[in-house]
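Me: I would like to learn how to read salt bridges and the overall build of a chain from a model. Could you take me through the features one at a time?

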Amino acid sequence: MTAADRHAPELRAAAQRLAALARAGSLPRRRLLAGASAGAAALAFAVGLPLAGVAGAAELDARRVAADPFTLGVASGDPRPDGVLLWTRLAPDPYVPDSGLPPERVPVGWEVAADAGFARIVARGEATAHPEFHHSVHVDVRGLDPDRVYWFRFRTGTWISPPGRTRTAPAPGASVSRLRFAAVSCQAYHDGYFTAFRHLAEEDLDVVFHLGDYLYEYAVSSAGGARDYTDRTLPAVFNRETVTLDDYRLRYALFKSDPDLMAAHAAHPFVVTWDDHETENNYAGDIPENSVSPEEFLLRRAAAYRAYWENQPLGPLQAPSGPDMRLYRRLQYGRLAQFDVLDTRQYRSDQAYGDGWQVPGPKSEDPSRTLTGETQERWLLDGWRSSTAVWNVVPQQVTFARRRTAPTAGYKLSMDSWDGYPASRQRLMDGAEAAGLANLMVLSGDVHTGHAYDLKKDWDDPDSRTLGTEIVATSVTSGRDGRDRPADWETFMAANPHMKFYSGRRGYVNVELGLTRARADFRTVDVVTAPDSPVRTAASFVTEAGGPGLTPA
């Protein structure tokens, strides 16, 4: 059986019928599966309250859950002044398709407390873990106080989850003098241990931004790839590329069962966005990396998006509809910071010149090309025009600054990054300048290296005005151990004078925003192919409020 053949037959039939309608001009291609509400695809991919017949199915007596169902831990996300999103997923046996539970509804209680001992409960309720959503639980808690630390937990039957710690955002318009957050990306399980997450869990942070590649679709061997396990053997279900809904669900179970990742989620609220590997390497909108039919790829994308939502602290506003899912959104931290979280994967034009590193030309420089899509671009520019925040921060995926391979003519640029979409980038740079943004900061991941950039009005003139800064978080594991100075360090630093830092180590970056300046600390570990590597600060930079430009701290 091929990977494609593992999709459920009824879903494939629904997708083929809808693809035929699209070819006939009766249905837009991107809506192939979203329009399948009349068919079997609705049950599999439409997220919302389950259909009446399903919702009326039997409810499991939670006392029958014989093993710990909280094997994947707990998480919180998207802090607001009055609340936060809470997440868990019931999985007594996480490495099998049904997670060790029957296809029945399970009641799950939740509590939020003002203290770590849960002596002062401030909110509680009951949610339902539906089998259609792989027994995941998403609770949108409201009525909390702003800028406050809380603890939370879940319970079902006789089982109580480990506690989680979270924090709400400051009140709208509040005067906030300090905000500390981390940016992380790219955690290939098969490339090493998530040691960076263990250190991240111990940091003093208000929130963590995950910039994508939370999951990798690639096969993981029985020894866990570069982890080279000798104390366990991973099931064969992981030793294949993810294609179907079951594949993606099982792969999330593998990743989220990692104790270091669980510790980070239990310690801090996360704001998540995806890049490519949560679905497939370097896909662009509805265009796959490999040559498969439209219905084949959109089936895969729908499965990937569904599993992503099921396994992240996201709410109903982000719930997918078939192969579509609105993930871009805005968060406010008083008057200090506005965060505009982007999705640069779902709506983009195809990569020019066949992707990869290419000499730029008319195809990549076509002004009609977009990385964000028109609607998201307009939303971002409108948000900037109305912003009153000191700092406007853009958590997103791929490198924003120009990144040449050589300082001479004939240089190449990455067609997958903003360099492959220069007109799209220029529209944002012009919009930021027109909106009068004094303190623009872009957060990026993707490249498995850490960088610090000044964003220049004219990339060819190092003395031109600096419009903002870019902080690129290295990978948690992807690329394996790495080194301080990659082989191309000297070439890249010479070719890009606006690049102030370049490191090939693994880790994350901490950022502190204040009223007068921001500081970025690049935190790295020496190895990821063995556990327990210590963390150190490889470099620190500051940028002054009202005078963008990075200088060593």
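Me: How exposed is R155, and how should I read its relative accessible area?

Reply: The general idea is that a residue is called buried under 20% relative accessible area, exposed over 50%, and partly exposed in between, with a 1.4 Å probe and protein chains only. R155 has a relative accessible area of 34%, so it is partly exposed. This is a predicted model, in which local features need pLDDT of at least 70 and side-chain atom pairs count only at pLDDT 80 or more, whereas totals for chains, interfaces and linings use all residues. Residues are numbered from 1 along each chain as its sequence is written, and side-chain values use heavy atoms, with hydrogens and water left out.

Me: Which side chain does R155 meet in a salt bridge?

Reply: A salt bridge is a side-chain nitrogen of Lys or Arg within 4 Å of a carboxyl oxygen of Asp or Glu. Here R155 pairs with E111, at 3.6 Å from N to O. E111 lies in strand β3 (residues 106-113) and R155 in strand β6 (residues 149-156), so the pair ties together parts that are 44 residues apart in sequence; strands (E, at least two residues) and helices (H or I, at least four) are DSSP runs, numbered from the N terminus. E111 counts as buried, at 9% relative accessibility.

Me: Which residue forms a salt bridge with R198, and what parts does the pair tie together?

Reply: The partner of R198 is D260, the closest N and O atoms being 3.1 Å apart. Because R198 lies in helix α4 (residues 195-201) and D260 in helix α6 (residues 259-267), the pair ties together parts that are 62 residues apart in sequence. D260 is buried at 10%, while R198 is partly exposed at 28%.

Me: Where do E374 and R378 lie?

Reply: Both lie in helix α8 (residues 374-386), 4 residues apart, about one turn of the helix, and their side chains meet in a salt bridge at 3.5 Å, N to O. E374 is exposed, with a relative accessible area of 63%, whereas R378 is partly exposed at 42%.

Me: How many salt bridges does the count come to, and which residues are linked in a network?

Reply: The count comes to 45 salt bridges, and a network of them links R80, D82, D140 and R142.

Me: How many helices and strands does the chain have, and what share of its residues count as buried?

Reply: The chain has 10 helices and 24 strands, and 61% of its 553 residues count as buried.
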